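Student: Hey, can you walk me through this one? I've never looked at it before.

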Amino acid sequence: MIFITPELLLEKRKKLLTLPTHRATIRKPATVNRYFATLSGAFRYACKNLRWMEDNPCMNLLKLKAKPKLRRILAPGEDIRLLWACRQSQSHYLYCIVLMGLT
């Protein structure tokens, strides 16, 4: 029987960071954080709803440091072209949704 411990999870997390993906790229820390957030949700459900476990082994793991997301601002004139493209769309609501988002 294998017990899932925080130490085991840390070992597997390190492995995820170093092993290449099927596309021969290295996973970014933000991706590994999302994997562990999903895993933590499954463990939380197993603990609270199903009573299969006493505690969540992911609970006290610290997140990896990830680069902050880039925020892009529309250049002058891009907003007008975006709204024009939304008007040309077959979606009846796209123009209104984008207009509200821009304002």
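Predicted model: local features only at pLDDT ≥ 70, side-chain atom pairs only at ≥ 80, totals over all residues.

Student: Charges, please. How many salt bridges does a search of the whole structure find?

Tutor: The search turns up 1 salt bridge. Arg-72 and Glu-78 form a salt bridge, with their closest N and O atoms 2.9 Å apart.

Student: Is Arg-72 buried or exposed?

Tutor: Arg-72 is exposed, because its relative accessible area is 63% and the cut-off for exposed is over 50%.

Student: And Glu-78, buried or exposed?

Tutor: Glu-78 counts as buried, because its relative accessibility is 19% and buried means under 20%.

Student: OK, what about Arg-27? Where is its place?

Tutor: Arg-27 sits in the loop between α1, residues 6-18, and α2, residues 29-48. Arg-27 is buried, yet it has no salt bridge.

Student: Which backbone oxygens does the side chain of Arg-27 reach?

Tutor: The Arg-27 side chain reaches the backbone oxygen of Leu-16 at 3.1 Å. It also reaches the backbone oxygen of Leu-19, at 3.3 Å.

Student: What else is Arg-27 in contact with?

Tutor: If you skip neighbours within four places in sequence, the contacts of Arg-27 include Leu-17, Pro-20, Thr-21, Val-32 and Tyr-35. Leu-16 and Leu-19 are on that list too.

Student: Which other residue has a positive phi although it is not a glycine?

Tutor: Arg-51 has a positive phi of about 60 degrees. You'll find Arg-51 in the loop between α2 and α3. At 66% relative accessibility, Arg-51 counts as exposed.

Student: And Leu-50, where is that found?

Tutor: Leu-50 is in the loop between α2 and α3, with α3 covering residues 78-88. Leu-50 counts as partly exposed, because its relative accessibility is 34%.

Student: Which residues make the nonpolar surface patch?

Tutor: Leu-50 makes it together with Tyr-45 and Trp-52, and the patch is about 390 Å².

Student: Switching to helices. Where is the place of Ser-40?

Tutor: Ser-40 is in helix α2.

Student: Why does Ser-40 count as buried?

Tutor: Ser-40 counts as buried because its relative accessibility is 13%, and the cut-off is under 20%. Not counting residues up to four places away in sequence, Ser-40 touches Asn-56 and Cys-58.

Student: Last one: Lys-14. Is that buried or exposed?

Tutor: Lys-14, in helix α1, counts as exposed, because its relative accessibility is 60%.

Student: How far apart are Lys-14 and Met-53?

Tutor: In sequence, Lys-14 and Met-53 are 39 residues apart. In space, the two are 24 Å apart, C-alpha to C-alpha.

Note on methods: Residues numbered from 1 in each chain as written. Heavy atoms only, no water. Helix = DSSP H or I, 4+ residues; strand = E, 2+ residues; numbered from the N terminus. Buried < 20%, exposed > 50% of the residue type's maximum accessible area, 1.4 Å probe, protein only. Lys, Arg positive; Asp, Glu negative; His and termini not counted. Salt bridge = Lys/Arg side-chain N within 4 Å of Asp/Glu carboxyl O. Polar contact = N/O pair within 3.5 Å; in protein donor to acceptor, adjacent residues only side chain to side chain. Contact = heavy atoms within 4.5 Å. Patch = residues over 30% accessible without salt bridge, like charges linked within 9 Å, V, L, I, M, F, W, Y side chains within 5 Å. Areas by Shrake-Rupley, 256 points an atom, 1.4 Å probe, with all protein chains shown as cover.
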